[in-house]
Amino acid sequence: MTQAPSVSDRDAIDRFVEMMAAQAGAARNTLAAYRTDLRLASELLGGKLAAAQAPELEQLAANWRDLSRATVARKAAALRRFYGFLVEEGDRGDDPSPALPRPGTERGLPRTLSRDDVDRLFAVVAERLRRDPPLAPDLRLSALLELLYGSGLRASELVGLPRGAVRTDKPFLILRGKGGRERLVPLSGRARAAVAAWRVQVRVDQAFLFPSGKTHLSRVRLFQIIRAVAAEAGIAPDRISPHVLRHAFATHLLEGGADLRALQSMLGHADIATTEIYTHVDRRRLVELVNERHPLREALVDAGARAS
């Protein structure tokens, strides 16, 4: 049996997370998830995660039995990277990770909203903005919704926007998203106008466009705001979230004929496979696109008629 490493779990986890931040450019939320998964696994194994062998990892998998397949897959992936790191660093001479489960994941189609749903949301906002003068919370709500649905921002990207990030003279926004990757995000005239109206309410010495206390609006508070306006619009609160609005942005663009590669860039996906799964298009719409735009559409129609 390979000699067990002398490194402590705490030290190994700290060094692994530092490596992921420095070399892999992992996002803060990803780093936090790695640290949590590894610490929990260490606790389950009595502080002997770094030295674990196959039997211990099988014991760990038994403790995950009641978790979803997606959660198990995430935890196992974190441990695989962790053990790979220990081998590369010379902290251990073997890699026990083949003993970890590989449940696979079933990525269902994400929830989305219909265009009528979105229209009802913005109708509520428009009604509120008819007040003279409009209230600051309503101006903020308008800016939040326009950026979520109009540009497909992630919740963390939205709440962390600097005060001067959106300019009225530039129809785009440069964002640093997951993994530190930069991308260009288009901004509609409506979004820029909504942000300009809200920014008047934000003190010039504020660092963030959506400030709250000493920092910015939290993702939890954003979630609550979106659910509250959804309830007012007659949309069940459990059907909506900031992420659902991001998905609606993508879905409705694809339904309108947007190019998948362009959408991948706007969403900030490293792999186009993520975009394909995340942005489903109604099957009927795909059939219509083929029938309307395929160079051989007449031949396809004739073949279909003969087959029937």
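**Asking how we know**

Visitor: Why is Arg131 called partly exposed?

Guide: The relative accessible area of Arg131 is 42%. Buried means under 20%, exposed means over 50%, and partly exposed is what lies in between, using a 1.4 Å probe and protein chains only. So Arg131, at 42%, lands in the middle class. By the way, this is a predicted model, where local features need pLDDT of at least 70 and side-chain atom pairs need 80 or more, while totals for chains, interfaces and linings use all residues. Residues are numbered from 1 along each chain as its sequence is written, and side-chain values use heavy atoms, without hydrogens or water.

Visitor: Where does Arg131 lie, and what does its side chain make a polar contact with?

Guide: Arg131 is in the loop between helix 5 and helix 6, and its side chain meets that of Asp138 at 2.6 Å. A polar contact is a pair of N or O atoms within 3.5 Å; within protein, one must be able to donate a hydrogen and the other to accept it, and neighbours in sequence count only if both atoms are from side chains. That 2.6 Å pair is therefore listed as a polar contact. Pro133 lies in that loop between helix 5 (115-129) and helix 6 too.

Visitor: What makes the peptide bond from Asp132 to Pro133 cis?

Guide: Its omega is near 0 degrees.

Visitor: How do you know what counts as a helix or a strand?

Guide: They are DSSP runs numbered from the N terminus: helices are H or I with at least four residues, strands are E with at least two. The protein has 14 helices and four strands.

Visitor: Why does Ser142 count as buried?

Guide: Ser142, in helix 6, has 9% relative accessibility, so it falls in the buried class. Leaving aside residues up to four places away in sequence, Ser142 touches Val125, Leu129 and Ala194; contact here means heavy atoms within 4.5 Å.

Visitor: Which residues of helix 8 are buried, and how do you know that they line one face?

Guide: They are Ala191, Arg192, Ala194, Val195, Trp198 and Arg199. Looking down the axis of helix 8, these residues fall within an arc of 165 degrees, so they line one face. The arc is taken from the directions that run from the helix axis to the C-beta atoms. The cover over them includes helix 6 (136-151) and strand 3.

Visitor: What makes the pair of Trp198 and Phe210 stacked?

Guide: There are six aromatic pairs in the structure. Trp198 and Phe210 form one of them, with 6.3 Å from centre to centre and 10 degrees between the planes. Rings of Phe, Tyr and Trp (the six-membered ring) pair if their centres lie within 6.5 Å, and planes under 30 degrees apart count as stacked, over 60 as edge-to-face and the rest as tilted. So the 10 degrees make this pair stacked. Trp198 belongs to helix 8, while Phe210 is in the loop between helix 8 and strand 3, twelve residues apart. Both Trp198 and Phe210 are buried.

Visitor: How do you know that the charged end of Arg190 sits over the ring of Phe122?

Guide: The charged end of Arg190 is 5.0 Å from the centre of that ring. The rule asks for NZ of Lys or CZ of Arg within 6 Å of the ring centre and within 35 degrees of the ring normal.

Visitor: Why is Arg203 called exposed?

Guide: Arg203 has 52% relative accessibility, so it counts as exposed. Arg203 sits in the loop between helix 8 (189-199) and strand 3 (211-212), and its side chain has a polar contact of 3.0 Å with that of Asp205. Glu182, in strand 2, is exposed as well, because its relative accessibility is 54%.

Visitor: And Leu57, is that buried or exposed?

Guide: Leu57, in helix 3 (residues 54-63), has 0% relative accessibility and therefore counts as buried. Not counting residues up to four places away, its contacts include Ala52, Leu79 and Tyr83. Over the whole protein, buried residues make up 39% of the 308 residues.
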